[in-house]
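Student: I have a model open and I'd like to learn how to read it. Can you walk me through it, feature by feature?

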Amino acid sequence: RTGYCYRPRNDNSSDCFMKEGNPFGPFWDRLGVSFDKSIFTYISYNTNHKTIRQDWENKFPPHSHPILEFKGAPASFPVKKYNRHLQRYLKWSDVLMNEANEYLMNTMNGQKFIAIHLRIGSDWKIACDHAVGKRSYMESLQCLEDLPDDVTVTQDICFPSTNRIINDLRVIIKRTGINNVFIGSDTEPPLTELKEGLGPNVEIYYMKPHGPQLDVIIFELSDHFIGSCVSSLTAFATRARNIRGDPTSFWGLISDNIHNEL
């Protein structure tokens, strides 16, 4: 495979280092992809300008470059509001879709389910310590941009406690009448506490081993999704759900009835 990046790190480099570091290495390894060639683009990613779009089309025509695999996202982070509609053009491979649907059929037999994204790893705790009190941090505007300007990221929004997770889930379970809950998480979730807190009538599913791609697909397929507002993984699923008009909620913005759904 050929990897693409904007420019080399230095004059002596001829490599995009596509798989160096985390999440890059694990991401491509999960897909079984390796790279033996690098191409430097030297073109701006801002394709809102007609001349830049033309530069991309001239330098990398589809017949000779059908797939462009970049070191990082060819756009600003977080995704600009005016670019969110582009999510409609992203389609998951049949292999991944079949794997996700097979899992759902084998576990829930086609029943309705709530999917939740728990971002509760130790690295995320550090990020949330920096996020609290800010209005714009990573993808936080996906749940805050329509709220009053004085509403900022809180600990409940970014790094909810187990009690907060249970309380918010109870609200959505009661509102939807759905008793199946799928968990996608960056670390081992508190399954015992969740089962005890939600009671015997709620079935909890957690895929082991799992990959982030499958988690996101299942987030997108769920009947209701509760996401982590600051997380770009949540944002990926939320953009797809918003295009279809599917309901999404966020931790810390449910029980308080501020602005629960998009």
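This is a predicted model: local features need pLDDT of at least 70, side-chain atom pairs count only at pLDDT 80 or more; totals for chains, interfaces and linings use all residues.

Student: Now β4. How many of its residues are buried?

Tutor: 5 of its 5 residues are buried, so β4 counts as mostly covered. As for the general idea, side chains in a regular strand alternate between the two faces of the sheet. In this case Ile114, Ile116 and Leu118 point one way from β4, while Ala115 and His117 point the other way. All of these are buried.

Student: Which strands does β4 pair with?

Tutor: One is β5, paired with β4 in the parallel sense over 5 bridges. There, Ala115 stands opposite Phe182. Another is strand β7 (residues 224-227), also parallel to β4, over 3 bridges. For that pairing, look at Ile114, which stands opposite His224.

Student: On to the nonpolar cores. Which residues touch the most other members of the largest one?

Tutor: Those are Ile114, Ile116 and Leu169, in a core of 37 residues. Elements that each supply at least two residues of this core include β4, α4 (122-131), α7, β5 (180-185) and α8 (191-198). The largest share, 5 residues, comes from α7.

Student: What does Leu169 touch, if I skip residues up to four places away in sequence?

Tutor: Leu169 touches Ile114, Ile116, Val181, Leu198, Ile226 and Trp251. There is also a second, separate core of 17 residues, and Tyr205, Met207, Ile217 and Ile218 are among its members.

Student: Let's turn to charges. How many salt bridges does the structure hold?

Tutor: It holds 14. Take Glu99 and Arg30, whose side chains meet in a salt bridge at 3.8 Å, N to O. Glu99 lies in helix α3 (residues 94-108) and Arg30 in helix α1, so this pair ties together parts that are 69 residues apart in sequence.

Student: What about Asp246, which residue does it form a salt bridge with?

Tutor: Its partner is Arg244, and their closest N and O atoms are 2.9 Å apart. Asp246 is partly exposed at 21% relative accessibility, and Arg244 is partly exposed at 45%. Salt bridges can also share partners: Arg119, Asp123 and Asp186 are joined that way into one network.

Student: Loops next. Where is Val153 found, and is it buried or exposed?

Tutor: Val153 is found in the loop between α5 and α6. With a relative accessible area of 1%, Val153 is buried. Leaving out residues up to four places away in sequence, its contacts include Ala131, Val132, Leu144, Cys158 and Val230.

Student: Last one, the whole chain. How many helices and strands does it have?

Tutor: The protein chain has 10 helices and 8 strands. Its radius of gyration is 20 Å, close to the 18 Å that the globule rule gives for 262 residues, so the chain is as compact as a globular protein of that length. The C-alpha atoms fill a box of roughly 60 × 45 × 35 Å along the principal axes. Buried residues make up 43% of the 262. Finally, among contacts with a separation of 6 or more, 66% are between residues 24 or more positions apart.

Technical notes: Residues are numbered from 1 along each chain as its sequence is written. Side-chain values use heavy atoms; hydrogens and water are left out. A salt bridge is a side-chain nitrogen of Lys or Arg within 4 Å of a carboxyl oxygen of Asp or Glu. Helices (H or I, at least four residues) and strands (E, at least two) are DSSP runs, numbered from the N terminus. Buried means under 20% relative accessible area, exposed over 50%, partly exposed in between (1.4 Å probe, protein chains only). A nonpolar core is a set of buried Ala, Val, Leu, Ile, Met, Phe, Trp, Tyr and Cys residues joined through side-chain atoms within 4.5 Å. Contact means heavy atoms within 4.5 Å. The radius of gyration is taken over C-alpha atoms; the globule rule is 2.2 Å times the number of residues to the power 0.38. Two strands pair if DSSP finds at least two bridges between them.
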